[in-house]
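Welcome! Have a look at the chain below and turn it around for a moment before reading on.

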Amino acid sequence: QGTAMYKLLGLTTEIGPVFGWCDNYDLFIASPNGTKSTHAMVSEFTVHPSRIEDTKKPNIGVMSITIPRLKKSQVNRVQIKEQDLLHYTGPRKVIPPVMNPQPLSDELNIKLNNSVTNANRRDAAFFSQVLLPESIEYSGFNAKEDREERKDAKPKTLFVFGPLLNSPPSHPDTMLTTMHHLSTSMHEFGMQYANISLDLQLYIVASQIKWSDQNRWKSVLLHPGMMHTLMSFLGCIGNLMKSSGMEVVLASAYGSLKSILSGKAWPQALRAYRMLTVALLNDLLSEGPKSYDEMMQYIDGKCNHPTAKLWIDCLIRSTFIAHRFLRAEREGDLLLREKSIEEMLPYFFSAGHCNYARYLTFYLQEVRSLSEDIRKLLMQGCTCRHSNGSTAVSSDQFGEQTYIKQGKGARGLK
């Protein structure tokens, strides 16, 4: 019955693979009768077409059935049956299984090297033009580069909303029920592996459930949300640079300093660190455009003083890593994402972000132990797009901008 309903709503694997996502849904409702709040779990299915599709065709689209608003006289006649919760009976703490990561094939190695080279070239070109009068903001610069390289337009991601569970999301029973529903639905649609993205808090709970019964969940692949990973990484920079004087410099140009240093306001944080990096490299960049190797050679020569080494290692290098990671997400480059996460791990350990350090290490081991066929499938659906030809966003960011936004917007429950 659930699969038939999703087909009516437009979910299909005929045009591309189906992935899953789940997250917290926190809502605060103020009404004349008082205030109510909810802390629920929501889920979403995303379809990643292999080519640009005509979404006006029947049964292909985004929530193609409109759910009508009920009149007051109709509400009492509607019977809503909540989904029954499954109960988790496994241990609270489970030792993670041993992974066997495989080296990349020659083909994927060449692809990774090309991705790193291209990312470094683009980042160096962007930083070199920031001081020019005709400088372009980061997103506009990348769009201009894509047009010049005449890259093929990638299709937009289609999505269908899953159920809302009115139960604490981080509770094992809620997570078990959500994992069962998402994986069963995707398997019934013909997906060999059920790929589920979720933030780290839920990823930890889901991993414990998966590790407790590896045979049952062997065809389920969990992916931590990459937007939340970037937020935590930018928070690492703010933590490592605490009391260095960076707060004073940023406070003179930016508001919401606390959100910037914690990484919560990640677009502002990335912009602030980017501008501060350009200011520190002013002597080099004022001479004209520089390559990535020239920039790295310049900062390597300045590491002979402890203060300079702090600013270079904890701000400049980490800003380049954050740019490379964001570029991997926007271009949907799984190999470049893995490379960037590997470079981010020392910062998570140094800044005391223990959960990200621990679970991202395991995630890298798990992904690198997958077969090449599964990795190629992940390359097609590891990110999402809002429109044809647009840059990609992380799956957790896409869920925030679709399910969460529409649920709390003018037409939602707010």
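This report walks through a strand, some aromatic rings, some salt bridges and a pocket.

This is a predicted model, in which local features need pLDDT of at least 70 and side-chain atom pairs count only at pLDDT 80 or more, while totals for chains, interfaces and linings use all residues. Residues are numbered from 1 along each chain as its sequence is written, and side-chain values use heavy atoms, with hydrogens and water left out.

## A strand on the inside

Let us begin with strand S5, residues 220-224. Helices (H or I, at least four residues) and strands (E, at least two) are DSSP runs, numbered from the N terminus. Five of the five residues of S5 are buried, so the strand is largely enclosed by the rest of the structure. Here buried means under 20% relative accessible area, exposed means over 50%, and partly exposed lies in between (1.4 Å probe, protein chains only).

In a regular strand the side chains alternate between the two faces of the sheet. In S5, Val220, Leu222 and Pro224 point one way, Leu221 and His223 point the other way, and all are buried.

Which strand is joined to S5 by five bridges? That is strand S4 (residues 194-198), and the two run parallel. Strands count as paired if DSSP finds at least two bridges between them. As one example, Ile196 has Leu222 of S5 as its bridge partner. Together with helix H6 (residues 200-212), S4 and S5 make a right-handed β-α-β unit. Right-handed means that, with the strands pointing away from the viewer, the path from the first strand over the helix to the second runs clockwise.

## Rings that meet

A pair of aromatic rings is described by the distance of the centres and the angle of the planes. Rings of Phe, Tyr and Trp (its six-membered ring) pair if their centres lie within 6.5 Å; planes under 30 degrees apart count as stacked, over 60 as edge-to-face and the rest as tilted. By this rule the structure has 14 aromatic pairs.

One of them is the tilted pair of Phe161 and Tyr403, with 4.5 Å from centre to centre and 40° between the planes. Phe161 lies in strand S3 (residues 158-165) and Tyr403 in helix H17 (residues 395-408), so this pair ties together parts that are 242 residues apart in sequence. Phe161 and Tyr403 are both buried.

Trp211 and Phe362 have ring centres 4.9 Å apart and planes at 70°, so their pair is edge-to-face. This pair also links distant parts of the chain, with Trp211 in helix H6 and Phe362 in helix H15 (residues 354-368), 151 residues apart. Trp211 and Phe362 are buried too.

Look as well for one aromatic cluster, formed by Trp21, Tyr25, Phe159, Phe161, Phe398 and Tyr403.

## Charged partners

Side chains of opposite charge can pair when their charged atoms come close. A salt bridge here is a side-chain nitrogen of Lys or Arg within 4 Å of a carboxyl oxygen of Asp or Glu. How many salt bridges does the structure hold? The count is 14, and the table shows some of them.

| Salt bridge | Closest N and O atoms |
|---|---|
| Lys290 and Glu287 | 3.2 Å |
| Arg327 and Glu331 | 4.0 Å |
| Lys376 and Glu372 | 3.9 Å |

Is Lys290 buried or exposed? At 19% relative accessibility, Lys290 counts as buried, whereas Glu287 is exposed at 58%.

Arg327 and Glu331 are four residues apart in helix H13 (residues 306-331), so about one helical turn separates them. Arg327 is buried at 2%, while Glu331 is partly exposed at 22%.

Lys376 and Glu372 are four residues apart in helix H16 (residues 372-381), so they too are separated by about one helical turn. Lys376 is partly exposed at 41%, and Glu372 is partly exposed at 29%. Salt bridges that share partners also join Arg122, Asp123, Arg327 and Glu331 into one network.

## A pocket to explore

A pocket is an open set of points on a 1 Å grid over the protein atoms alone, where a 1.4 Å probe fits, with protein on both sides within 12 Å along at least five of seven lines; lining residues have an atom within 4 Å of a point. The second largest pocket holds about 620 Å³ of space. Of the 26 residues that line this pocket, Asp152, Lys154, Arg330, Glu331 and Arg385 are the closest to its centre.

Technical notes:
Grid points are joined across faces, edges and corners, and a volume is the space filled by probe spheres set on the points.
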